[in-house]
Structure formats: C-alpha cells, structure tokens
Amino acid sequence: METADSGPPGLAAKTEKRDALIRIEKQYQAKWKADRLFEVDAPTLDEIPRGSIETAAMHELHPKFFGTMAYPYLNGTMHAGHGFTASKAEFATGFARMRGKRALFPLGFHCTGMPIKACADKLAAEIELFGSNFKRYQDDNEVVNVGDKSGGETPAPSVREDVTKFKSKKSKAAGKNPKLKYQFQIMLALGIPREDICLFADADHWLQHFPPVVIQDLDDFGARIDWRRQFVTTDANPYYDSFIRWQMNRLRQMDKIQYGHRYTIYSPKDDQPCMDHDRTEGEGVSPQEYTAVKLEIKQLSPEATDLLHGVATVQGKIFLVAATLRPETVYGQTCCFVNPSIEYGVFDVSNGHYYITTKRAAWNMAFQGIYPVGDRLPRHASALQPLCSIAGSALVGTLVNAPLSVHKDGVRVLPLDTVLVSKGTGVVMSVPSDSPDDYVAVTDLAMKAKRYGIEKDWAELESIPIIETPAYGNLSAPTLVNEMKITSPRDVSRLAIAKDLLYKEGHYKGKMLVGEFAGQSVSSVKDKIRDKLIDRGDAFPYAEPDGSVVSRSGDECVVAYIGQWFLNYGSNDHDWQQQVLGYITDEMESFSAETKNQLLAAVQWLNQWACARSYGLGSKLPWDPAFLVESLSDSTIYQAYYTVAHLLHADRFGKKVGVANITPDRMIDEVWDYVFGHTDLDANVEEKSGIPRPALHAMRREFEYWYPLDMSVTGKDLVPNHIVFFLYIHVAMFPRRLWPKSVRSNGHLLLNGKKMSKSTGNFLTLKDAIERFGADATRIALADAGDAVEDANFDERVANSNILRLFNLKEWCEDVTRDEHLRTGPADHLWDKLFENEMNVLVQDAMGQYEKTNYKFAVRSAFYDLIHSRDFYREAVTAAGISMHKDLVQRYIELQALVMAPIIPHWADFVWSEVLKKSTSIQTESWPSLPEQSLALTNTLAYIRTVCSNINSINALQKKRMAKGRVGGLDSTAPKRAILFVAERRPEWQERSLEIVLETWSAQTKTFDEKELNMKIAKLGELKKVKPFVQEVRSRLLADEAMSAVVENKLWLPEVTIIKLMIPLIMKASRIDDVVVIMAEEWKAGADPEKDKYKFAAADLAVPGHPASYLETISV
C-alpha cells in the first residue's frame, strides 16, 4: 500500500499515487475559483421585482440552502478537529447544490475578546524579558514569571497555557508541555519565523496574519465557501462594528440588556468579568451562592487563645464563617468542622469584627463588598493580608454560638480531614439529623474521641428533629445511613448517594418541625430562613466559582458582586426563556436526541450573562464606550450579517467599499432595521443615511432570501453557550419564521483512537492532513470518522487506504471507458439487472443518509458498497463467460462520480469532465433521478449472496475439520461438489411461526404485542430453528419492508433457475468443481435417513428462498 509520508526525494515513487491525486485537486480548485462557482446570490430585483411575490413563493421558485459553522477564532491555525466540523457544513452544502438549491456557505473570522489580546500581551512581556528575537532565553527548568521582576503586581498577563486553539477547552494540553512554556514557543510551533514573532506583540497583526492562512487551508480542502462574504469581528471592520452596535441598541431597547449588581466570575488581574471564552480552564463554571453563617466565638481553645493574644489589633468580636447551601438546617447545629491541616486567616472586617476563613474564601469575599478594599477592586492577593494565620488544629475545641440552633450554650469546633480548602470557607456547620456526612463524622469522632484529641461530649450533643420527610422520617440522616449500612466517613461514594437522596427528599417533600416556620414546606421557607439570618446579622450572602476557573491571562478567578451590563437570559425573563425552549422542543431540527437534550438543559440552566468587558478586542458598547461587547455576545446573529457582507465591503476589514457603494458611516441603526425587516422603508431612512433606495432594496432582498438559516454546525462544546445565545438572540430579534431551522453538533475528533494533544505528539493540523493524504482522502476519512455527538475518530489508516482506492478507481474508470470489448445491445442478463437495480438501491440509500447528515453511512453506500457492487458484477459476468455491459459501466461511473461529489469533489469532477467528457463541472450537476427499486431483484441478489456465503462458510469449516483430523472433514486436495437442496414450500413450523408473527403485528402502529408474541413462540418448541426465523421476519417488518415481500420473499426468477445461473459464479468464487441442484422434498422421499444422515440433515434445513448446502468430495 502506498505510504502517505513524503520522505526524502529517494522515496518519491512511494507517493506517486497521492501526488497524482493532489495534482488533480489543485487543478480543479483553480478552475472552481476562476469560474467563481461558490459565489451565490439571491435572485436579483430584475429577476423577481420587489413585492411581486411572497418570500415563501420565491423560495419555492428558487430553493435555497444557507449553512454555517461556528466561525473560527483567529489565534491559531486550523487543526483536523476544525476540519471535521467544517466538513459537516461543507458536505451539506455540496449535497444541497445537487438537490437544485442555491447553496451558500460563508465564513468570517472571530477576533473578539481576550485570547488574541492576552497572547499579544504575553509576547510583549517576553520580548521585554528575552529581547525581540528571544536570544536571552535559556532552555532550562527554571520557571520565570514573565513581567514580574519585582515580586509585586505583574504588569502584563503571565504565561500559563497554550491558547492557540479556537476553543478554550482545547488549550490546556499544550500548557503541560515544558517546551511550550512561553508564547513565543507556541508561535514557533505554529510555523511563525522567529524574526516575525515580535510583530504579534501587536494584537492587530494577528488579524492580518491568520485569515489568509485559514482561507488557504480551506481552499486546499476544497471547501465550497463564498469568500466574498468574509469579515473580521471587532471595530477593525467598521461595517461589522455598526452591525453589533445596532444589535446591542435594539436588545437594550427591548429590555433584554439590563444593568445591575450581580455575581459574576471575575479576573482580578484583568479587572473585568471572565466569561466562558475568556478562560483556559473552567468553561461552563458559574457562581455558586452560599449563605455564610457567622459563628461568634464564645470561648477560644487554649492554643488559639495563646496565638491571638499576641495580635494586638484583634480586639472585638471574632467569627468563624461557615458557608452552607442549606440555611433551613441551622436549627439542628450540634458542632462545626474545620480541617486541622488547613491554614486559616484572621481578617479584619471593620467595626471591631473579625472573620476566620480560608484565605481563598477571603479573597473571594474581597470582591463582594465584605472586606474594605478601597474604591477599586484589588488586582493582587497582596492587597488582602490576614492579621495573622492560624492552623485549623488550633481552633479545635473552640466554643462558638450557632445562630438559631436549639443548643443555646454554643457548640464546639471539631476536626474533620475531609473539609476542603478549595470549596466554601473551610468551615462547615454540622447538622447530624439531616446530613449523612455529618452524622457519620460525629459518630466516628465520639467513638474515637481520644484519638482525635477532643472531649467525647463535644461530639454527642443531641440531634433534634428539625425536618419531617415522607421517606426517612424526622431524623432522616441516621435513618438513611443505617438503611444503607454506611459505617465510615471514608465510604465516600455511598455517602454522596445518600446526600443526594436526602437533599432532594428534604427540599421537595420536607416540612419544618421547629422555629417560626414550623409546619411549612422546606422549599417555601428556605429563602425566608436565609433572609432572617441575614436580617439578624447572623449571616451574609457569599458566592464563589463552582470549580476552578483560570483566565487567558493566567489568573485564578473569583466571584465578584459588581454592577454590570448583562443579557437577561434565563428564568428572569420567563417568556423569552419559554419561547426558546418551546422552539427547540417542537420545531427546530437538532439531528440527535443528545443535542436536543443538551440544548434544553443549557437553556434551563443559563442565567444572566455579563455582555461587556474592559479588556480585549471588540466593539464598544454604544451607550457606555468604556466597555467592549463580550465575545459570546457579538457572536449570536452574525449569520444575518453574512447575507449582506459582500454588498457592503470588498475585503474582510471593510476598507474597500463593496458593490453597493455604501460607506460604513451610512450604516446607521435605521438602515439595519430596514435590512433585517424590523421596519418598512420610508424617506427618512434614505435621507438620514444617504443610501439610495435600490441599494437598500438589494440588501433587504439578500436577507429575505437567505433567511432563515437552514443549518448551523458546531462542536458539542459550543452548544451550552454559543448556540444557546445564538437561539436566544434570534428569538428576540426576528419573527418566528426567521428562526434557525436546525443545529447540528458533532463530537470532538480523536486521532487514531486517542485524544489529539500537542503535548503527546498525537496532533494533526488540517494543512498537515491535506499534505499527507490529499484533500479527497482526508475528506473521506473525516466523513468516515463518525456523525454522532460522541467523539469521532480520524483514522490515518482509512485516509491512507483511500489514496490507493481513489487512484485505482480513477485508473479503472479511464481504462474501462477505452475497453472495446464491453458488451452492447440489450442489458437483459440476470447479472445486468441485478447490478443496475443495486446501483439504484445504493444511490437512493445514500440520498437518505445525506439528507439526515449521516455522512459515514452515506460514504458506505455511495462509495464502499457501490465499488463492491461493481466488483461483484464484474466477477459474476466473468464467471458467466460474458463481458460487462457498456451502458451499465458508463452508468456506474456517472453514479459513482455524482453520489460522491459532495464528499470527494475533486476526484468526482475529474472523472466527470475528463473521463466521461462532460462539458460542465460536476459542481453544477443535479442528484441523479432513479427508478424505483425492484424488490424482486433486491431479494434475488440477497439470495445469491447468501447462497455463496453459506457455501464459502461450509467449505472453510470443512477444511478446518480436515486439518484437525475430525470426521466430516474434506480432503482439500480432492475435487469437491456442492449439493444445493431447494425446497418448494415452507415446513410446517415455519408456516406457523409466520402466522404468529403476523397475528401479533400492528401495521397501523408499526409495533408488536411483544408479550403475546413471545408466549406463542415459546409454545411451538424447536426454538433453535424458530427464534432466528422469527427475528428475521420481525426485523424486516420493523424496517418498514412491505408485508407482501416479507411473506412471499418473491424472487425475480424461479429459485431453481437462479441457482442454475449462479453455478459458474459459485464454482469460480468458492473454487468448487461441480454444483448439483436437487429438489429437497423429492430427494428425501427416496433417501435413507440412516445411510445418508448428513445429506438428509442438510436437506431438512432447506426452505423456500433459503437452499441448504452440502459439500462432498468427488470420487475419481
């Protein structure tokens, strides 16, 4: 097999076939570009005058397909995973063209947000440290904190991780690779010459450099993209900038954008909110809100007394602060836990109050107005120092007041090793009556009090009933722990299960037994109890990230409570949320249940979203230009911008005016309103904008024709944010008829069954794939990789094998069309009929798979199976002593080119134009029209293949037996005869089985009465024979096969006639020397069951449509 590795010049012959295919690809890419085949426009106003017909009628007259992929982020090159996502939109576009539609696939470039700016700032810091050519860098193990030479605040973002990939989730692996510790090393890995890297310290240079690289990669891939409509985001393109400003203005006018104080993930270093695409770690993590309960210290432990006595400034009330998600349980506190190995801090809250928490929790609190930090939020942890540090072990035994607890004299601080420093405040209030973890912990502490260095009675305060639950009574934690037989705090997995069960039971079904809310449901009073604690001064609101979040500048993020502009997603705007949920549920195509469920869950989970930033690249917020529009908020309806981009500007930056001759300053909000159908055209718009009416009408026509979007393709990791926002804003900005028709998500792409990662070397860029395998072989491998939401696999062996397959098929097509020995005249031989019918069946199946976007199955039918069908036909006619029919060979080549054109367009166009000598490009051809399949011919071919397969299987089995010296084995050196027993009618057991299947089948509902079917079949006996037969009939009915075909299994010719025609094929394919056809019933009537027991057993298996095979040696 030809290798795809180019190697040194001496190995050039090994890549001859691949190189020949690549030359064809380059030839046709140039031709398509010259012919501008992928530049597609709406019907002009001359073709269809404005107002002459409705938009729906225009779509019927001129069908269209408008597909997009999530536009790539410009901080790196495309890897094979991006090519995988692009291929889904690309294949859909190619198929839509063949279905007679004007098919548009545009692509822009996303530059908004932090990644590019963060990378540029890293380079600027590295240049300052190592010089413009990085000559001062030494490759050693010393970790240099770039830009932080004084030990104080870092003036530029530190270097933490590789952010060269388009999606934040993909950028972690490179950060683990010591060879890519610095940004300049990442740039070298991207192929940037060392002397040019300094240019990338200017963020604008990224926008100049990477778009041509991405365009070249996709052109080499053969993508059917209309590049006239390309653009970059941010104010680098003034047209797109005006589009975003219009969008934000209108959303604010609709009250979808609001201002208020709220919790948000925040980067102290960047001094701004840090949303999903601003992160290298923690995408999807959101603020978790707690109730921080203040446990005032009544009596310090001796060790804590000695420690704090020396801190003169600690004079006042000291509180341990416990964070809880269940404020309704405060009535049942019997102690509180600290981790003895954690170092806590004592922090001055002012007014003579001091809080003891972990330093991490205090750092979060500093951004929520809990600690005095001055007029500005702190940028560095040095701005918040504890008065002193204290080990958790020193706090054990301290007596604290537990607000609202029945234990008015106070509760003790006890040790618990499982308290986390990374979650909450490091202080946990203990409620053994309603927390399985707490009950098991205090039980363990009481049993081993001396071992833990505590008084036993500290852990034995009475647990009183505070919540009644239907399932577990009023002491639910002890009840459930005993039921589940949990005896140790180390039984983490079962404790987690118990905790989950109890929380749901208590919250949704529990009733309060104590306090002023006794008798009321927990769910109705939870917030009331929280408010009471806060009003009394016994608690305060506290929030932190629900997981680790690291910004692209390498900063560990916190939760801040700040005033900000936000999009009012979620239940805060119930009607908006329900519109989106209803559309996903009832109308929008999502191609898989997994995608639909992921979307629904994300819409229900999503909450208010900060839509403005102060750091990075972007468009300025129109009413508050100190802020930039956040990267996920300017990426919601850019699909609408594609429809008019080519009219507005002739380059991606909007520096050259487009064919409509409109300057960017004329694109005022009122113009966008008209273009996107929000308003009708009046003289004020023309006068105010200075745009001529024909140009306004032309833009409106482009939008009205292309919208709604037919398909948005994306990786599954963008579904919970990018796609949900995309749906939300479409629902807000456009009427229902213009909402997106479908969303297709795909899994990540594995490489040879393993996760792609630069750090492991298992990585493939799109450019590398095309250079190694060629575009078409790469495209087949991507199609073959998978279509589900689960991760797909790019198998290099598939790509490599298809180099040979494509080349050989091309050669065969060229040779066979010159073959003068092909048969002419009527194509009426059985093999002709079978081949023609199977081609029709496979092409029809391929069309169905393309329509469902199941490209793996489309390739199977349209490529692998179609080639196999040709091979079978060639083998059959050769065995029959005739040649292939010229018309059928011609038809096969035509169909092979046409049905694979969406996936391998270069190969297909070459065959179409240069082998078949067609005058047009295959890119302009329609999907072939085909006659209905003949079920009789389909059944006949299946019959023939089954018979051949059975004989081959028996032959192989007999050889194995002979090799092992077993009875019944055939001498492999002796001539062999195949005896085929044919039955004219079904045996009684089969007739009865068929009756039962039909009796329990409902043709109306397409279902079986499974219970009745199984019961009746069981009564028949002979289940080894009956069950496989019943399963086959059942499967055919469920597959929607006609009942007449299932019952009759009609063949195109009588069974005996077919077998006789098959004899040459059987002899050739199975290497059998003789074939005899015997009618089973007649033979059995005269045979001796004892003397011919093996033959008799074989003959007994024969049924109509399923002959039985028997092999024997021929006596010489």
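Is Ser553 buried or exposed? I am working with a predicted model, and in it Ser553 has a relative accessible area of 0%, which is under the 20% cut-off for a buried residue, so I noted Ser553 as buried.

I then looked up where Ser553 sits, and found it in the loop that runs between β18 (550-551) and β19 (558-567). Its side chain makes a polar contact of 2.9 Å with the side chain of Asp270, and the side chain of Ser553 also makes a polar contact, at 2.8 Å, with the side chain of Ser551.

Next I turned to helix α8, which covers residues 238-253. Its 16 residues reach 22 Å from the first C-alpha to the last, close to the 22 Å expected at 1.5 Å a residue. At the start of α8, a side-chain oxygen of Asn237 comes to within 2.9 Å of the backbone nitrogen of Tyr239, while just after the helix Asp255 takes a positive phi of about 70 degrees.

I went on to the nonpolar cores. The largest has 235 residues, and those with the most contacts inside it are Trp206, Leu218, Met699, Phe734, Trp831 and Ile944. Helix α28 (residues 855-880) gives this core its largest share, 12 residues. Because domain 2 (796-933) and domain 3 (937-1113) both contribute residues, the core lies between them. Leaving out residues up to four places away in sequence, I recorded that Phe734 touches Ile637, Ala640, Phe676, His678, Phe703, Tyr707 and Trp739.

For the layout of the chain, I noted that the domain assignment gives domain 1 (287-545) along with domain 2 (796-933) and domain 3 (937-1113), and that the centres of domain 1 and domain 3, taken over C-alpha atoms, are separated by 73 Å.

Last, I checked the record: an unreviewed UniProt entry carries the annotation "domain: Aminoacyl-tRNA synthetase class Ia" over residues 62-122. In the model, the chain over residues 62-122 is 44% helix and 15% strand, with its end C-alpha atoms 51 Å apart.

Key:
Residues are numbered from 1 along each chain as its sequence is written. This is a predicted model: local features need pLDDT of at least 70, side-chain atom pairs count only at pLDDT 80 or more; totals for chains, interfaces and linings use all residues. Side-chain values use heavy atoms; hydrogens and water are left out. A nonpolar core is a set of buried Ala, Val, Leu, Ile, Met, Phe, Trp, Tyr and Cys residues joined through side-chain atoms within 4.5 Å. Buried means under 20% relative accessible area, exposed over 50%, partly exposed in between (1.4 Å probe, protein chains only). Helices (H or I, at least four residues) and strands (E, at least two) are DSSP runs, numbered from the N terminus. Domain bounds come from an automatic or database domain assignment. Contact means heavy atoms within 4.5 Å. UniProt positions are given in the numbering used here, feature names are shortened, and annotations may be inferred rather than shown by experiment. A polar contact is a pair of N or O atoms within 3.5 Å; within protein, one must be able to donate a hydrogen and the other to accept it, and residues adjacent in sequence count only if both atoms are side-chain atoms. The expected span of a helix is 1.5 Å times one less than its number of residues.
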